[in-house]
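The following account leads the reader through a structure, from overall dimensions to individual side-chain pairs. Please keep the coordinates at hand while reading.

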Amino acid sequence: MKSKVIIVVTVCLAVVTIGVAVGSVNIPLYDVIRIALNKVLAVELPPDIKKTTVDILWEMRLPRALLAFIVGGALSLSGVVMQSVLRNPLASSYTIGVSSGASLGAGIIILYGISIPFIGTMTLPLVGFVFGLVTILLAITFASHIDRRMENNTIILVGMVFSLFVNAITTLMSALSREHIQRLVFWQMGTFSGKGWATVFILAPIVVVGAMLIMCFNRELDIMTFGEEQAKTIGIDIKRVKWTLLIAASAITGSAIAFVGVIGFIDLVVPHVVRKLFGSSHRIVIPISILLGGAFMVICDLIARTIVTPSELPVGAITAIIGAPFFAYIYFRRRAAKC
Amino acid sequence: MLSVNGLYAGYGNGDVIKDITFSLMEGESLSIIGPNGCGKTTLLRAIANILAHQGTIEIDGKSIAMMKHKDIALRIAMLGQISAVYFTYTVWDTVMMGRYLHTKDRIFGLPSKTDTECVMHCLETVGLMDEKERGIIELSGGQLQRVFLARTLAQEPQIILLDEPTNHLDLKYQIELVEYLRRWVAGGKRAVIGVLHDINLALRLGDNLMVMKDGCVQVYGKTTDIINAELLKNTYDVDVVQYMRESLRIWENIKH
């Protein structure tokens, strides 16, 4: 197990390094290391490295790669939580409506340029979080009303219905304000383009605190995968734990999505891969999902911005192109196994 | 040790069980029998505090309505019908989950020496020590049920509730489960309440017998005192005693 963890950490470091080195201007690995040493340890910068290279690396690529890493980690982690709490391998923020809700909230902010007094730059993540949370609360309440046992398919179907409905509102809204439509459409497809250190500094603490909180519940998550009744008789305070976890997961997803737009499927795919490779114990699944999810997102972003240079593809499309077939594979394989 | 008084419980649209009253002493076991849908499982779920109830359920004279959730779980454990497994854990980790409330390290949940010893003992009891590293998704239904039994034992409860746990077990393990629980219940301040499908197992498990019909207690008392052909015939709507006698004739003709 230890060697596997070392491999994962190495992969993450390698991916981030490649993520900052490759682009319209390729920066040699040696230079990347020297610039990093200069910035972090104040080692003197050799004269053969141009100032523009330093700026590209430090002001554009690195914050972008870090943001992609944080968002990828946050989404994967929320996927882990949703799947375990709802006991459903197909649950994720994306399939259950958190993403659509957050995107509606962020859409309102972007279209109408609203900024809540006192919280300023925090408006966007906060509204994303609140809308995401409200959507999942509505979806779960609705699901539990029509199906007391909250069967797998009910949750997925209700989540889909809510997603589509909320998406329709967002679409209507953007159609009614044509001057902003392009901005909104691009934002909805998800992109890390043009995000600097400021975004990293806002999002990182939210995700770190959320992840630490969720990590404290790793045993509860293990036990809850056996169902709420068993968890209750083992001694878990189901109501409190369940809502704390769902709120934490919605918070990190909602605020991440509010900044970078809707990026789907990563929260569904990464937890599955991690469980397959490392087993189901959440003590392992939580940190590894964050790391691998982050690395996966950095790669997707790298593909998104390099494959058709000089223009950029929305990263949400890249994750979906990889994720959708995987989703289908999991779903239909399970169905086939039941027959 | 356990006393239930005027208990009503249900699922929103009316009470499934009505006015249930009974009590169990230390070291006693109770089997509940009755036709499908008569409220046996509902009664167990109410006692396990999974379902909201009216009336009183007392453990050692303390009402569970006044007890903290954790204090109830430390006293009452439930072994239910086998449930679907979505995510696989090793046998060891699954049994260790039963130690949830006992483990002192609340944040990382690292097991203490006592926890480890308890899990080892429980695995030995159900005969799965050799399988401890296997994933539970690979196990047969019977093995999985034994893992859940070990997890229930690892909780170190005072009262074990059984909700048809023998459904997936081979005959050998059905008998072993009942015999084990009889020994378990005699070994301290403990009680067992079982809902078992098999009438033979039910009679073997319970010193006391409760017959339920339409959510009410029909007959309750010492098994040996109350059991008779008429009662069983009414409960199961078939002449059980006659059936068993006929079966016995087949058995008697089997050569040794």
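This is a predicted model: local features need pLDDT of at least 70, side-chain atom pairs count only at pLDDT 80 or more; totals for chains, interfaces and linings use all residues.

Residues are numbered from 1 along each chain as its sequence is written, chains are lettered from A and ligands numbered from 1 in the order in which they are written, and side-chain values use heavy atoms, with hydrogens and water left out.

Chain A contains 15 helices and 0 strands; helices (H or I, at least four residues) and strands (E, at least two) are DSSP runs numbered from the N terminus. Its C-alpha atoms occupy a box of roughly 70 × 55 × 45 Å along the principal axes. The radius of gyration of chain A is 20 Å, which agrees with the value near 20 Å for a compact globule of 339 residues; this radius is taken over C-alpha atoms, and the globule rule is 2.2 Å times the number of residues to the power 0.38. Of the 339 residues in chain A, 54% are buried, where buried means under 20% relative accessible area, exposed over 50%, and partly exposed in between (1.4 Å probe, protein chains only). Among contacts (heavy atoms within 4.5 Å) in chain A between residues at least 6 apart in sequence, 76% join residues at least 24 apart.

The largest nonpolar core comprises 130 residues, and A:Val71, A:Phe192, A:Ile214, A:Ile263 and A:Met297 have the most contacts inside it. Such a core is a set of buried Ala, Val, Leu, Ile, Met, Phe, Trp, Tyr and Cys residues joined through side-chain atoms within 4.5 Å. Leaving aside residues up to four places away in sequence, A:Val71 touches A:Phe192, A:Leu203, A:Ala256, A:Val260, A:Ile263 and A:Met297. A second, separate core of 32 residues includes B:Met1, B:Phe22, B:Ile64 and B:Ile76.

In chain B, 4 strands form an open antiparallel sheet in the order S2-S1-S4-S5. Strands S2 (15–24) and S5 (62–63) of chain B are at the edges with a single partner strand each, so one side of each is left without a neighbour in the sheet. Two strands pair if DSSP finds at least two bridges between them; S1 (residues 2–10) and S2 of chain B pair over 6 bridges, with B:Ser3 partnered by B:Ser23.

Elsewhere in chain B, strand S9 (residues 208–213) has 5 of its 6 residues buried. S9(B) runs parallel to S3 (residues 28–33) of chain B, with 4 bridges joining them, and B:Ile33 stands opposite B:Val211. S9(B) also pairs with S10 (residues 216–222) of chain B, in the antiparallel sense. The hairpin of S9(B) and S10(B) has 2 residues between the strands, and B:Asp214 takes a positive phi near 50 degrees there.

Over all chains there are 20 salt bridges, each a side-chain nitrogen of Lys or Arg within 4 Å of a carboxyl oxygen of Asp or Glu. One of them joins A:Glu312 and A:Arg64 (3.1 Å, N to O). A:Glu312 lies in the loop between H14 (282–306) and H15 (315–338) of chain A and A:Arg64 in H3 (residues 51–85) of chain A, so the pair ties together parts that are 248 residues apart in sequence. A:Glu312 is partly exposed at 31% relative accessibility, whereas A:Arg64 is buried at 10%.
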